[in-house]
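This briefing covers the pockets of one protein model.

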Amino acid sequence: MTVREVLPGIYWIGAIDWDRRLFDALIPLPEGTSYNAFLISGSKKTALIDTVDPPKELEYVGNLVKAGAESVDYIIVNHAEQDHSGSLPMAAELFPRAQIVGSEKCRDLVVNLLGIAPERFLVVKDGDTISLGDKTLEFIMAPWVHWPETMFTYLQEDRVLFSCDLFGSHLATSDLFVDDARDIYHSAKRYYAEIMMPFRSNIREHMTRLSSYDIRIVAPSHGPLYHSPDSIFGAYRDWISDDVKNEVVIVYVSMHGSTEKMVAHLTSALVERDATVRVFNLLASDLGEIAMSLVDAATVVIGTPTMLFGPHPVVANAAYITNLLRPKTRFAAVIGSYGWGGNTVGILKGMLSRLTAEMLEPVYVKGAPDSECLRNLEALADTIAARHKQISGTHP
Ligand code: FEO
């Protein structure tokens, strides 16, 4: 249990989850995570911003005690996902006179997910403010980063942006601040890839909006806070842009070696054509690392044998997740081999319907790869290299 001063009157009262290794029963957390929550003590009133994941509830209560929070007037809920709102019922009980503040959609969610009494809730709209005396909280609606109810809270006098999940990182660290996003670039990019990438266009709009705010500190709800927005905003501008890099991501599974041989041959052919290639055997790869590679890659290639009548189920899972993440990948292709039939290529194309990528000619062969198959893989490498040269914005 630790309380740390962000600025005078602004205290971090969250929890560091050093041991957590999985989020949403899906996303690996190799570096743990944190749940940032804050106490804002104004000259007249006091507010809490967010709570913590329920298993860390006692730490949160301990921090409230340590911070001397005897009465609270407002509990701000920037986001209803339970890693930030899960201890809200406890906080609401602890401070029975506090109003719970959030967007209209947030009210629906906390009522339904957490059993919060609707009459406790104060709905705020974009641009609304609440005065704590010498501190003013302004609410900025920010839907779809990454839930529909999400909002930011901007503390006007201190110029602190509480940005909720946006700009966060799943990183358990004792450092409250990081000076430069490059110091935690890998964690921040991984977080973007796993959580935020499907919402690139929404983030663009929100960042345009934020450019009119004078921001001194960015305080996301996971990972360290930023002393200045420049470095993390710069990284996000790069990730959400339409620019792609001369990179090919190959994800594959091989049952008896044929698809693996094809992946190896295509990889060599692409390297010879000066592409950067990242190869992921799905049986031994981290989902977050794959997602990160998809942030910038111009092309994704899926390698799979046919199992019965379609793609290997492990590949189908990866295709499903790729479709959800919706990377800005421009080109996609399927390679692999089959024994007697099936519709693997057609099924995978259907599974990638949310991608705007051009589907390149597949290389899908009966049985083991023969010399013609290897030539076709080299032709695919030629096509990829030519496409990468054609598209503007691609850089090595
Ligand atoms: Fe960190 Fe969307 O919750």
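A pocket is an open set of points on a 1 Å grid over the protein atoms alone, where a 1.4 Å probe fits and protein lies on both sides within 12 Å along at least five of seven lines; lining residues have an atom within 4 Å of a point. Points are joined across faces, edges and corners, and a volume is the space filled by probe spheres set on them. The model is predicted: local features need pLDDT of at least 70, side-chain atom pairs count only at pLDDT 80 or more, and totals for chains, interfaces and linings use all residues. Residues are numbered from 1 along each chain as its sequence is written, and side-chain values use heavy atoms, without hydrogens and water.

**Largest pocket**
- The largest pocket has a volume of about 300 Å³.
- Its lining has 14 residues, and Leu26, Ile27, Glu194, Leu324 and Leu325 are the closest to its centre.
- Two or more lining residues come from each of α5 (185-196), α9 (287-294) and α10 (313-325); helices are DSSP runs of H or I with at least four residues, numbered from the N terminus.
- α10 gives the largest share, 3 residues.
- By class, the lining has 10 nonpolar, 1 polar and 3 charged residues (nonpolar: Ala, Val, Leu, Ile, Met, Phe, Trp, Tyr, Cys and Pro; charged: Asp, Glu, Lys and Arg; polar: the others, Gly among them).
- This pocket lies between domain 1 (4-240) and domain 2 (245-389), because both give residues to its lining; the domain bounds come from an automatic or database domain assignment.

**Second largest pocket**
- The second largest pocket has a volume of about 220 Å³.
- Of its 13 lining residues, Arg200, Arg326, Pro327, Lys328 and Thr356 lie nearest its centre.
- Its lining divides into 4 nonpolar, 2 polar and 7 charged residues.
- Domain 1 and domain 2 each supply at least three residues to this lining.
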